[in-house]
Amino acid sequence: MQRVVVLGSTGSIGVNTLDVLSHMDVEVVALSCNRNVELLRKQVEQFKPEYVCIGENADREYLKDLPVKVLIGSDGLVELCNLENVDVVVNGLVGSAGLLPSYTALKNKKTLALANKESLVIAGNILTKLSKKVKKEIVPVDSEHSAIYQCLEGRKKEDIERIILTASGGPFFGKDSFEGITVKDALAHPNWNMGKKITIDSATMMNKGFEIIEAYWLFDFGGDKISVVIHPESIIHSAVEFIDGSIIAQLADHDMRIPIAYALSKPRRIKLSNRILLDELSKLTFKKANFKKFPTLAYAYKAVENIDRNLGLVLNVADECAVEYFLEGKIDFVDIFDILRRSMEIFENNQSSDIFAIMDEIERLKREIVELINKDYVRV
Ligand SMILES: NC(=O)c1ccc[n+]([C@@H]2O[C@H](COP(=O)([O-])OP(=O)(O)OC[C@H]3O[C@@H](n4cnc5c(N)ncnc54)[C@H](OP(=O)(O)O)[C@@H]3O)[C@@H](O)[C@H]2O)c1
């Protein structure tokens, strides 16, 4: 029986993962949340893990009558990834908090089912090298990368012309101007129900930008071989074009349980109830991505073209800071684009192949970018 740790079990990916796991013959060894101990408590009662990790020691009280070992903070997450006899770590954490757990899981030769794309955006070089070294795969959970992974299975690299990431375009693709966009507007994604950070990233299309960088690391194709096409229905989750002009795509309902289930069961499939009925789909539409309106895509290609400068790290930290300020109502939606552009211009990233130096770098950049935002963008 597989023994699984679910990091970020109270989030959108985490809840969907537990739903999938409840249909599988697996042992859930550990769960984690940041502050949502109320939901974590219910999950502990249902899945009876041996361990949980929570964000704050003060919340320990809430779980004290349950027969579960409680760990705290980022050290606790790392400890979960160090546990012996764990086979799979599902990383559904959001942001740079996911990096060290991804690294630790791989280092301990666990299969890493990775939703936390930020891990690869920040430190793709380190993680992909480590994955090769320990001969443990990074299995994508992101629906686009799961689709490409499935389309690439058994193919020869030289037969591939390019990989095609589809994008819904988010709530503002057809909008003429970004002026006056509220937090509520930006959180209203047309197709997917996700955590707040990725929902805002979908509205700015930085999420698609991060997926370009993620695809670069996962599939080892340069920026010229990765393209983005807008597909508002989110039925085709991504595709691969071959040198003979054939395109193979993966289609499914927009339900994250499908790619999560594949990551946990591949190459077999788990029976799920969601179906798309091709004869009931009236049409599938495609549009060109608009780089002028969504410069976040261009920022991602720049990061891929200058991969040695690890601009993904700067982009990721700047985005985490900017999105947090936007969600708190302190800056405008349009400011996010400007903060990202300027951060890429201003901030140098001290290159390192040491994960702990990268963690220090994240903290240093956070301080500097927050200072920039406070000085030039925060509304008075
Ligand atoms: N949601 C999707 O459909 C989807 C699709 C593809 C990829 N992804 C990727 O999957 C990851 C998770 O996304 P999500 O939408 O599931 O996010 P989410 O709903 O915000 O959930 C994040 C999870 O991480 C926990 N967490 C947040 N900050 C933390 C911290 N500093 N330390 C430890 N734990 C922390 C949260 O705990 P609390 O609940 O206590 O806050 C929650 O369990 C992201 O990288 C996202 O880009 C998501």
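Guide: Start at Ser-234, in the loop between strand E9 (226-230) and strand E10 (236-242). Helices (H or I, at least four residues) and strands (E, at least two) are DSSP runs, numbered from the N terminus. This is a predicted model, in which local features need pLDDT of at least 70, side-chain atom pairs count only at pLDDT 80 or more, and totals for chains, interfaces and linings use all residues. Residues are numbered from 1 along each chain as its sequence is written, and side-chain values use heavy atoms, with hydrogens and water left out.

Look at the backbone of Ser-234. Its phi is near 50 degrees, a positive value in a residue other than glycine. Most residues other than glycine have a negative phi, and most peptide bonds are trans. Ser-234 is also buried, at 6% relative accessibility. Buried means under 20% relative accessible area, exposed means over 50%, and partly exposed is in between (1.4 Å probe, protein chains only).

Now turn to Asn-85. Phi is positive here too, near 65 degrees, in a residue other than glycine. Asn-85 sits in the loop between helix H3 (73-82) and strand E5 (88-91). Asn-85 is exposed, with a relative accessible area of 56%. Helix H3 also holds Ser-74. Ser-74 counts as exposed at 51% relative accessibility.

A peptide bond comes next. Lys-266 and Pro-267 are joined by a cis peptide bond, with omega at about 5 degrees. Pro-267 belongs to the loop between helix H10 (257-265) and strand E12 (287-288). Lys-266 lies in the loop between H10 and E12. Lys-266 is partly exposed, at 25% relative accessibility.

On to the ligand. It is surrounded by 24 residues, the closest being Thr-10, Arg-35, Asn-36, Glu-118 and Asp-142. A residue is near a molecule if one of its heavy atoms lies within 4 Å of it. By class, this shell has 10 nonpolar, 10 polar and four charged residues. Here Ala, Val, Leu, Ile, Met, Phe, Trp, Tyr, Cys and Pro count as nonpolar, Asp, Glu, Lys and Arg as charged, and the others, Gly among them, as polar. Helix H1 (12-21) and helix H5 (117-134) each supply at least two residues of the shell. Domain 1 (2-141) and domain 2 (144-254 + 278-376) both contribute to the shell, so the ligand lies between them. The domain bounds come from an automatic or database domain assignment.

Backbone atoms reach the ligand too. A polar backbone atom of Arg-35 is 2.7 Å from an oxygen atom of the ligand. For Gly-195, a backbone N or O atom lies 2.8 Å from a ligand oxygen. For Ile-13, the distance from a backbone N or O atom to a ligand oxygen is 2.9 Å. Alone, the ligand exposes 900 Å², and the protein buries 83% of that. Accessible areas come from the Shrake-Rupley method with a 1.4 Å probe; for residues, only the protein chains shown count as cover.

Inside the protein, look for the core. The largest nonpolar core has 97 residues. Leu-80, Ile-212, Ile-226, Ile-331, Phe-333 and Ile-369 have the most contacts inside it. Helix H12 (residues 311-327) gives the largest share of this core, 11 residues. Domain 1 and domain 2 both give residues to this core, so it lies between them. A nonpolar core is a set of buried Ala, Val, Leu, Ile, Met, Phe, Trp, Tyr and Cys residues joined through side-chain atoms within 4.5 Å. In soluble globular proteins, nonpolar side chains tend to be buried together.

A polar residue can be buried as well. Ser-102, in helix H4 (residues 99-107), is buried at 0% relative accessibility. Its side chain makes a polar contact of 2.8 Å with the side chain of Ser-119. A polar contact is a pair of N or O atoms within 3.5 Å; within protein, one must be able to donate a hydrogen and the other to accept it, and residues adjacent in sequence count only if both atoms are side-chain atoms.

End with Gln-150, in helix H6 (residues 143-152). Gln-150 is buried, with a relative accessible area of 14%. Its C-alpha is 36 Å from that of Asp-360, 210 residues apart along the chain.
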